[in-house]
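Here's a quick walk through some helix packing and ring pairs in a protein model. Take a look at the fold first, then read on.

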Amino acid sequence: MAYETLIVDIKDHVALIRLNRPDAMNALNTKLLAELSDAMRAADANEKVRCMVLTGSDKAFAAGADVKEMADKSFVAAYQQDLFGPPCDAIAALRKPVIAAVAGYALGGGCELAMMCDFIIAADNAKFGQPEINLGIVAGMGGTQRLTRLVGMSKAMDMHLTGRFMDAEEAERAGLVSRVVPAKKLMDETMSAAGKISEKSQITAKAVKESVNRAYEGSLREGLLFERRMFQMMFASEDRTEGMQAFLEKRTAQFRDQ
């Protein structure tokens with residue numbers, strides 16, 4: 001399917017989805033979010049896709065939500081439309097792994113969109129921020145919740161209350177991003193990571209994602225029980241048998257997602 005605000009390329013079991021509103025620094029408007037949730041759900045349902053990569057341009061992953069589109073909205077309109085709700089819920093519900101490759105600005109909704117992904121690989125020129133307070137609003141796509149869980153209360157309060165930006169080095173130290181690479185190597189590094197994920201058993205990759213999310217969202221006791229059950233469930237899969245047999249035979253496992 002052709003999209004107006006995205007470029008989608010599927011190759012070697014990886015769906016590369018690029019935000020494409022260059023004149024607006026990839027600002028997130030209703031159309032982009034609708035197309036993005038549609039494209040990502042389609043990739044999630046596509047048997048040929050085993051991992052997704054979400055990225056923007058060299059200058060901006062996404063510079064925030066589209067203020068022009070929001071400026072004249074009333075509370076009633078925002079509430080009745082459930083502004084930002086459905087597409088964000090759809091992205092959060094994806095079962096396949098999603099990597100965010102972030103270069104340049106990831107601000108407001110852009111930072112929140114990156115945090116919806118399973119992990120972030122950042123270029124050394126990346127800048128993250130939640131400056132909604134400068135517009136007289138608070139984050140609306142999970143920024144106060146996800147950022148606090150990732151970097152802690154003090155740093156999240158600092159960013160939300162002052163509107164300051166966090167550079168890539170600080171973001172890695174704080175736990176917001178998994179790794180920082182030179183800007184010129186961002187896509188090579190990210191596609192390499194996606195390729196490695198694509199080689200794994202898809203059943204196991206989904207179980208890993210569900211288990212880590214349970215740790216992120218719930219209590220330790222619930223998470224430990226969930227992880228143990230997922231671990232035990234893997235013994236019903238052919239991929240578990242193949243993986244262990246390949247290890248014992250000192251060869252590369254040939255997973256069949258069964």
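## Helix contacts and ring pairs

On the α1 side, L33, L36, S37, M40 and R41 meet P87, A90 and I91 of α4, where contact means heavy atoms within 4.5 Å. Sorted by class, the residues of this contact come out as six nonpolar, one polar and one charged. For that sorting, Ala, Val, Leu, Ile, Met, Phe, Trp, Tyr, Cys and Pro are nonpolar, Asp, Glu, Lys and Arg are charged, and the others, Gly among them, are polar.

Before going further, some bookkeeping: this is a predicted model, so local features need pLDDT of at least 70 and side-chain atom pairs count only at pLDDT 80 or more, while totals for chains, interfaces and linings use all residues. Residues are numbered from 1 along each chain as its sequence is written, and side-chain values use heavy atoms, with hydrogens and water left out.

Back to the helices, which are DSSP runs of H or I with at least four residues, numbered from the N terminus. Helix α1 covers residues 30–45 and helix α4 residues 85–92; they pack at an angle of about 25 degrees with axes 9 Å apart. The axes are lines fitted to C-alpha atoms over the stretch in contact, and angles run from 0 to 180 degrees between N-to-C directions. So α1 and α4 count as roughly parallel, the label for angles under 35 degrees. Their crossing is left-handed, that is, the near helix is turned anticlockwise from the far one by less than a right angle.

Which residues of α4 are buried? They are G85, P87, C88, A90 and I91, with buried meaning under 20% relative accessible area, exposed over 50% and partly exposed in between (1.4 Å probe, protein chains only). These buried residues pack against α1 and also α5 (109–116).

That brings in α5 and its contact with helix α6 (residues 143–151): the two axes come within 10 Å and cross at roughly 60 degrees. That makes α5 oblique to α6, oblique being whatever is left after roughly parallel (under 35 degrees), roughly antiparallel (over 145) and roughly perpendicular (65 to 115). This crossing, too, is left-handed. E112, M115 and M116 from α5 meet G143, R146, L147 and L150 from α6. By class, that gives four nonpolar, one polar and two charged residues.

Next comes A156, which sits in helix α7 (residues 153–162). A156 is buried, at a relative accessible area of 2%. Leaving out residues up to four places away in sequence, A156 touches L147, T148 and V151. A156 and R146 are ten residues apart along the chain, and their C-alpha atoms are separated by 9.3 Å.

Now the rings. The structure holds three aromatic pairs, where rings of Phe, Tyr and Trp (its six-membered ring) pair if their centres lie within 6.5 Å; planes under 30 degrees apart are stacked, over 60 edge-to-face and the rest tilted. Two of the pairs are tabulated here.

| Pair | Centre distance | Plane angle | Type |
|---|---|---|---|
| F75 and Y79 | 5.6 Å | 25 degrees | stacked |
| F231 and F235 | 5.3 Å | 80 degrees | edge-to-face |

F75 and Y79 are four residues apart in helix α3 (residues 75–81), so about one helical turn separates them. F75 is exposed at 63% relative accessible area, and Y79 is exposed at 60%. As for the other pair, F231 is exposed at 52%, whereas F235 is partly exposed at 39%.

How values were computed. Helix = DSSP H or I, 4+ residues; strand = E, 2+ residues; numbered from the N terminus.
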